[in-house]
Amino acid sequence: MRIALVAALTLTGVGTCAAVSTAAAAIPDGFLLYEKAAIEGKGLWSINKQKDARLAINPCLNSRLGIKGRTAARTILYHRPPSDRRAEQVILFSSAKEASAALSELKNDLPRCPPFQSMPLVFRYFGQALRLGDEGLAVTGQLYDHGKAKVGGDRAILTRRGNAVILYARAGTFGAPKEADFAQQKKDAQTMLAKICRIASC
């Protein structure tokens with residue numbers, strides 16, 4: 001298996017959200033869903049606060065993918081050998097336009113990047129638009145043997161709200177792709193969407 005992981009709030013209006021995000025200027029400590037677990041679970045977890053951290057699902061292994069216009073980022077990675085890997089990532093951009101462009105960059109990369117091959121095994125990525133937040137993308141990475149899905153894959157959900165991009169990804173012993181593979185990632189993304197306007201311009 002090849003993985004490219006590097007790894008409810010009610011507001012009165014858009015003006016309120018924008019004012020809050022301007023004051024925030026960064027992602028507060030403890031804001032991410034798995035941050036407390038990452039702090040307490042030493043060894044299996046890592047936290048990266050660098051705004052230029054690599055996008056956590058990145059099939060072309062492009063260090064510049066989704067970097068332009070970032071103002072802050074927080075990335076949490078989990079790895080329990082041999083194959084359980086997870087990622088949570090929240091990225092703020094200077095505008096909603098640049099946040100949307102980051103999603104478009106990834107979507108455009110998926111069919112363009114050559115699959116990882118060790119014949120007859122092939123690991124291939126593909127994406128599907130998702131109605132989540134202002135826009136969303138479901139990304140599947142899957143191992144194939146002579147065109148038949150084998151055990152091993154990545155499943156990621158990305159969504160944008162305002163100038164924020166939210167990502168939840170898991171990799172492990174997935175078989176043939178199915179909707180249930182994305183259940184936890186969607187749930188986490190919805191939870192984050194419900195509070196992201198505390199720090200984003202929605």
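A residue counts as buried when its relative accessible area is under 20%; at 2% relative accessibility, E35 therefore belongs to the buried residues. The structure described here is a predicted model. The salt bridges number 10, and E35 takes part in one of them, with R74.

**Strand pairs**

- Strand β2 (residues 70-80) is mostly covered, as 8 of its 11 residues are buried.
- On one side, β2 pairs with strand β1 (residues 45-48) in the antiparallel sense over 4 bridges. Within this pair, I47 stands opposite I76 of β2.
- Strand β2 also pairs with strand β3 (residues 84-93), again in the antiparallel sense, over 10 bridges. A72 has L92 in β3 as its bridge partner.
- Strands β5 (residues 121-130) and β6 (residues 135-145) run antiparallel and are joined by 10 bridges. L121 stands opposite D145, which lies in β6.

**Helix α4**

- Helix α4 (residues 183-193) has Q185, D188, A189, M192 and L193 as its buried residues.
- Viewed down the axis of α4, these buried residues fall within an arc of 135°, and they therefore line one face of the helix.
- The buried residues of α4 pack against β3, β7 (148-161) and β8 (164-172).

**Salt bridges**

- R74 and E35 form a salt bridge in which the closest N and O atoms are 2.7 Å apart. This pair links distant parts of the chain, since R74 lies in strand β2 and E35 in helix α2 (residues 35-40), 39 residues apart.
- Both partners are covered: R74 is buried, with a relative accessible area of 3%, and E35 is buried at 2%.
- The side chains of E135 and R160 meet in a salt bridge with an N to O distance of 2.6 Å. E135 belongs to strand β6 and R160 to strand β7, so the pair ties together parts that are 25 residues apart in sequence.
- In this second pair, E135 is partly exposed, with a relative accessible area of 23%, whereas R160 counts as buried at 12%.
- A further salt bridge joins the side chains of D181 and R155, at 2.9 Å from N to O. D181 lies in the loop between β8 and α4, while R155 lies in strand β7, 26 residues apart.
- D181 and R155 are both buried.
- Salt bridges that share partners connect D29, E35, K49 and R74 into one network.

Notes. Residues numbered from 1 in each chain as written. Predicted model: local features only at pLDDT ≥ 70, side-chain atom pairs only at ≥ 80, totals over all residues. Heavy atoms only, no water. Buried < 20%, exposed > 50% of the residue type's maximum accessible area, 1.4 Å probe, protein only. Helix = DSSP H or I, 4+ residues; strand = E, 2+ residues; numbered from the N terminus. Pairing = 2+ DSSP bridges. Arc of directions from axis to C-beta. Contact = heavy atoms within 4.5 Å. Salt bridge = Lys/Arg side-chain N within 4 Å of Asp/Glu carboxyl O.
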